[in-house]
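Welcome! Take a look at the model below, and let us walk through a few of its residues together.

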Amino acid sequence: MSLTKKKQKTVHPDWARLPCHLLDLILEKLESFKDILGFYGVCVSWNSIIKHNKTKCLMKTSHQVPMLLVPNRKQHTWDMYDPMTNKFKEISKLHIPYDKRFGGSSQGWLLTVNRDFTVTLYKPYSTDHDSAIINLPCLFPPEVEDGDLEGLEDMREYCDQHIYKATITADPLINPNDYMVVVIYLYCWKIATISPGRDNIWRKIDPNEEIFSDILFNSNKFYFLNHNHDTLSSYDSREPYCGTKVTWNHSDNWFGIKSYIVKSFEGDILQVLRRCEWNDSLTIRRTTKVNIFKLDFVDGGVKRVIVKSLGDVALFLGDNSSIYVRASNFLGCKSNCIYFSHDTDLISYGPQGFPCDCGIYNLGDNSYKKFTLLLDDEDSTIISKMEAQPPIWIQPTLNL
């Protein structure tokens, strides 16, 4: 008697019918924007889980590795450079103006100033044009004498420089009625805030004639660092007209130093000092040294504590609001490193040079490596003549 084997039927799992509680567990484990986007595109049922958890997903993408926005001279558009892979991303055309300097990048939004000194927010990744642009009113234009039409035209010509730095307290798509935009403007002398979901009116904060280099929002407070790197002013976001100020002594020579403030995962405020040098012809700027301090607030003052290692953390600094990510969550992201763009320098009194100082600083061995795809050598760079449109970091966000 002969026995014949029955051919076993291959059973394919029906991924589209996975129970919702299992899909919720899978989504909970995802960290990177790429993985969340892949989950979103599996099928209709997985897509619906993302939409059901819209707020949670948008908050997850707030600590994503950013891309470097670089102007493309040939196509008159912007490209996305990924420092993790040293490649440009293949993306559809971004709906953002080409001939603009961005005065800020925060919460996945870019900020520009128009010729009439109104302000516009752009969300470059959005496919919904209506929700991707937010128009804000005129931001206190520079004063010119009555009848000085030539002076007024000069001011409009440099309207891109009106805002030096900006931050947004929450993503307008998540909290459309409860977010603020805060800017350092008018040659870094002035600070203003606006709440678009409430009254949509710019309001000045008078910081007693300080010059500011960076801005941070942390625990319902705004922090402003002065250009001498030794004073931190703080204002309550709910009552932003009565501030406090703390100072500290230091031996830092402020010439040629860029200074940033960053919030850590633990809620601490870090000060990052970026020391720069120039070549003999003053056309090439290069980062040479980085020092990091934790600011401890004690007895009404500040004590600076040297930070020797960031651990499993990477920082992304430039004209953007500072970004702090856990490096091990992202393939190719280097821990204990700072990713720099060549940001605008309006206050160090050093020469601007070509915007070529983009690279990675390793805090462990104090080495600095430029982004090779952007910068093959100091005499031949893709972005060597882009002073008017310096590269800027932008965080990817979901379009839900």
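## A threonine and its neighbours

Leaving aside residues up to four places away in sequence, T120 touches L110, L111, T112, N114, I133, I134 and N135, where contact means heavy atoms within 4.5 Å. Before going further, please note that this is a predicted model: local features need pLDDT of at least 70, side-chain atom pairs count only at pLDDT 80 or more, and totals for chains, interfaces and linings use all residues. Residues are numbered from 1 along each chain as its sequence is written, and side-chain values use heavy atoms, with hydrogens and water left out.

T120 belongs to strand β6 (residues 118-122); helices (H or I, at least four residues) and strands (E, at least two) are DSSP runs, numbered from the N terminus. Is T120 buried or exposed? With a relative accessible area of 4%, T120 is buried. Here buried means under 20% relative accessible area, exposed over 50%, and partly exposed in between (1.4 Å probe, protein chains only).

The T120 side chain also makes polar contacts with the side chains of N114 (3.0 Å) and N135 (3.5 Å). A polar contact is a pair of N or O atoms within 3.5 Å; within protein, one must be able to donate a hydrogen and the other to accept it, and residues adjacent in sequence count only if both atoms are side-chain atoms.

## Salt bridges

How many salt bridges does the structure hold? There are eight, each being a side-chain nitrogen of Lys or Arg within 4 Å of a carboxyl oxygen of Asp or Glu. One of them joins the side chains of D214 and K165 (3.1 Å, N to O). Because D214 sits in strand β12 (residues 212-218) and K165 in strand β8 (residues 163-168), this pair ties together parts that are 49 residues apart in sequence. D214 and K165 are both buried.

Another salt bridge links D296 and K294, with the closest N and O atoms 3.6 Å apart. D296 is partly exposed at 23% relative accessibility, and K294 is partly exposed at 26%.

β12 pairs with strand β13 (residues 221-226) in the antiparallel sense, over six bridges; two strands pair if DSSP finds at least two bridges between them.

Together β12 and β13 form a hairpin with two residues between them. In the turn, S219 has a positive phi of about 50°, while N218 has K221 in β13 as its bridge partner.
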